[in-house]
Amino acid sequence: EKLKMTVCLLFVSLSLLVCHLCSSAATNLVIIGITQTGPCSCNAEFQDGSHHVYDISSTPWKKFAFPMDNGVWYYSPCQAYDVPNDKDGNCTAAGVCLKKGDKFYNYGKVSTATWSISLDVSQPMIRYSGIDGNATVTLYCDLKDETFTGVVINGSARFTLSSKCSCPDLCTAALAAPHSVSPLSGGSIVLIIFFSLVFVYVVGGLLFLRFSRGATGLEMIPNYHFWGSLPGLIKARAKLLIAISTFSNTILQDGVMFLLNGCATHANYEKI
């Protein structure tokens with residue numbers, strides 16, 4: 001019985017450890033620094049110490065326009081773009097430009113592109129500064145769809161670029177990265193080790209019991225009787241924890257009421 005309890009506690013502790021490590025690994029996938037390498041590329045440092053490259057030069061829209069309620073927006077992330085039919089030249093060599101009726105408004109040239117980290121979503125973001133307003137483009141990793149959407153709030157244009165090139169190390173600059181990056185996080189490595197050990201335990205136990213002891217059927221499962229009784233053990237321990245918690249809450253409530261009553265007791269008929 002003591003052996004079963006010990007193994008049960010070890011199993012639960014290992015499970016909690018794996019969950020904690022996975023959670024920690026997920027937390028580490030946060031960008032903590034960005035070094036700009038061009039108007040449409042950067043090197044990003046993550047909290048786990050790894051470095052990754054973002055490059056949007058291979059997006060389908062190297063120069064593209066899309067309509068919105070307030071007009072048509074033009075975006076050229078990598079090369080200066082002369083927007084057609086701009087007689088006043090406001091959007092000459094533009095990166096972000098708005099056409100509203102016959103007027104053109106400059107929201108930033110390519111030369112003003114500055115990479116940083118979006119504080120609200122911890123994603124790479126490009127800022128542009130123009131004579132008529134400012135614009136930001138936040139990158140979101142999307143392996144399936146290529147979308148570019150945006151809104152204008154108080155004269156500031158906020159766009160979202162969803163693309164595979166918004167993912168780290170998936171476009172051209174990754175080929176020229178001077179460092180190698182492990183594709184697996186710490187949590188993934190722990191999970192691989194954990195399930196590998198489980199596989200060895202199960203398969204090795206089956207083979208040993210089958211050929212060494214001649215076991216058949218359910219008897220081939222390693223420690224079959226223990227695993228069969230494990231749900232009952234967990235249920236019993238859970239009931240015990242619930243009972244302890246209920247008892248503790250009752251004592252706490254009585255103590256609080258005792259203090260609120262000025263440490264005085266009140267006798268009533270039932271207690272007498």
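Visitor: What makes up the secondary structure of this protein?

Guide: There are 3 helices and 12 strands. Please keep in mind that this is a predicted model. Buried residues account for 28% of the 272 residues.

Visitor: And how much accessible surface does the protein have?

Guide: About 17,300 Å², with 62% of that belonging to carbon and sulfur atoms. As for the contacts between residues at least 6 apart in sequence, 39% join residues at least 24 apart.

Visitor: Let us take a single residue. Why is Thr 138 called buried?

Guide: Buried means under 20% relative accessible area. Thr 138 has 9% relative accessibility, so Thr 138 counts as buried. You will find Thr 138 in strand β10, which covers residues 134–141.

Visitor: Which residues is Thr 138 in contact with, leaving aside its neighbours within four places in sequence?

Guide: Ser 118, Val 121, Gln 123, Pro 124 and Met 125 are among them, and so are Phe 159, Thr 160 and Leu 161.

Visitor: Now the cysteines. How many disulfides does a search of the whole structure find?

Guide: The search finds 4. With the bonded cysteines numbered in sequence order, the pairing reads 1-2, 3-4, 5-7, 6-8.

Visitor: How do you know that a disulfide joins Cys 40 to Cys 78?

Guide: The cut-off is a pair of cysteine sulfur atoms within 2.5 Å. For Cys 40 and Cys 78 the S to S distance is 2.3 Å, and the pair therefore counts as a disulfide.

Visitor: Why is the disulfide of Cys 40 and Cys 78 called right-handed?

Guide: The torsion about its S-S bond is about 120 degrees, so the disulfide is right-handed.

Visitor: What is the handedness of the link of Cys 91 and Cys 97?

Guide: That link is right-handed, with 85 degrees about the S-S bond. The S to S distance of this disulfide is 1.9 Å, and both cysteines are buried.

Visitor: And the link of Cys 165 and Cys 171: left-handed or right-handed?

Guide: Left-handed, with -90 degrees about the S-S bond. Here too a disulfide is assigned, at an S to S distance of 1.9 Å. Cys 165 counts as buried because its relative accessibility is 1%. Cys 171 has a relative accessible area of 10%, so Cys 171 is buried.

Visitor: Why is Cys 42 called buried?

Guide: Its relative accessibility is 0%, so Cys 42 counts as buried.

Visitor: What makes Val 200 exposed?

Guide: Exposed means over 50%. Val 200 has 55% relative accessibility, so Val 200 counts as exposed. Val 200 is found in helix α2, residues 186–212. Val 200 also belongs to a nonpolar patch on the surface, together with residues including Leu 191, Phe 195, Tyr 201, Leu 207 and Phe 211. The accessible area of the patch is about 940 Å² together.

Visitor: How do you know that strands β11 and β12 pair?

Guide: Pairing needs at least two bridges between the strands. β11 (residues 147–153) and β12 (residues 156–163) have 7 bridges, in the antiparallel sense, and therefore pair. Thr 147 stands opposite Ser 162 in β12. The two strands form a hairpin with 2 residues between them, and Asn 154 in the turn has a positive phi of about 55 degrees.

Technical notes. Residues are numbered from 1 along each chain as its sequence is written. This is a predicted model: local features need pLDDT of at least 70, side-chain atom pairs count only at pLDDT 80 or more; totals for chains, interfaces and linings use all residues. Side-chain values use heavy atoms; hydrogens and water are left out. Helices (H or I, at least four residues) and strands (E, at least two) are DSSP runs, numbered from the N terminus. Buried means under 20% relative accessible area, exposed over 50%, partly exposed in between (1.4 Å probe, protein chains only). Contact means heavy atoms within 4.5 Å. Accessible areas come from the Shrake-Rupley method with a 1.4 Å probe; for residues, only the protein chains shown count as cover. Patches are made of residues with over 30% relative accessible area and no salt bridge: like charges are joined within 9 Å, nonpolar side chains (Val, Leu, Ile, Met, Phe, Trp, Tyr) within 5 Å. A salt bridge is a side-chain nitrogen of Lys or Arg within 4 Å of a carboxyl oxygen of Asp or Glu.
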